[in-house]
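Dear colleague,

Here is the structure for your files. My notes on it follow below.

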Amino acid sequence: MSHDTIIHRIVRPAVRRVALTGVTPNQITTLRLLGGIAAALAFAGPAPWPAIGGGIFLFSMLLDRADGELARQTRQFSAGGHRYDLISDCSSGIIAFIGIGVGLMPILDLTGPLLGVVAGLGIGALFWQLNVLKLGELRGYQIAPGLTVDPDDAMVFVPVLVWLGLSEPMLWAAAVITPLAALWLGLTGRRRDRIAS
């Protein structure tokens, strides 16, 4: 993963100030996780709660970059902190889609939460494959000179699509695409292992 994405650059000035306060990266990670839970609960509610959840989710994404940035600036690295960060990130993505599915129950009935769970499981499987099993390479993509994004920066579209009233098509797409992507990565990752041995 890159450490100089657009989102890293956005949070860097605030993190410089926070670094002087004694706040730890794990405390920021905990705030990120609590923000993810709050966003999921808001997504599950009636209007205007999903729109508010979008704002909370976006703030939680900024905290996701801030914890690692703070760890680098203050040299507070640890394997346990890294694992906690990954668990927090993965959990926030999973529960966000479950919350969106619950929020769509008036339109989709029980299909909403079911799609949320399927999308969440797909996200969880991708996180596991990429971060634990290391089946694929996580790297930043330079979209323009000096503008880098990571694959998980695409989660910024979750609140945008919620704000645009496109939660239902987004949920359907996530419930189809994330499990298929996890299946593809699992199959191609295993094939790479066999070829390498």
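Along the principal axes, the C-alpha atoms fill a box of roughly 50 × 50 × 35 Å.

This is a predicted model, in which local features need pLDDT of at least 70 and side-chain atom pairs count only at pLDDT 80 or more, while totals for chains, interfaces and linings use all residues. Residues are numbered from 1 along each chain as its sequence is written, and side-chain values use heavy atoms, with hydrogens and water left out.

The protein chain has eight helices and two strands, in the order α-α-α-α-α-α-β-β-α-α from the N terminus. Helices (H or I, at least four residues) and strands (E, at least two) are DSSP runs, numbered from the N terminus.

Of the 197 residues, 39% are buried, meaning under 20% relative accessible area with a 1.4 Å probe, protein chains only. Among contacts (heavy atoms within 4.5 Å) with a separation of 6 or more, 77% are between residues 24 or more positions apart.

Asp85 is buried yet has no salt bridge, and the nearest side chain of opposite charge, Arg32, is 5.7 Å away. A salt bridge here is a side-chain nitrogen of Lys or Arg within 4 Å of a carboxyl oxygen of Asp or Glu. Leaving aside residues up to four places away in sequence, Asp85 touches Thr29, Asp64 and Asp67.

Regards

Notes: Buried < 20%, exposed > 50% of the residue type's maximum accessible area, 1.4 Å probe, protein only. Lys, Arg positive; Asp, Glu negative; His and termini not counted.
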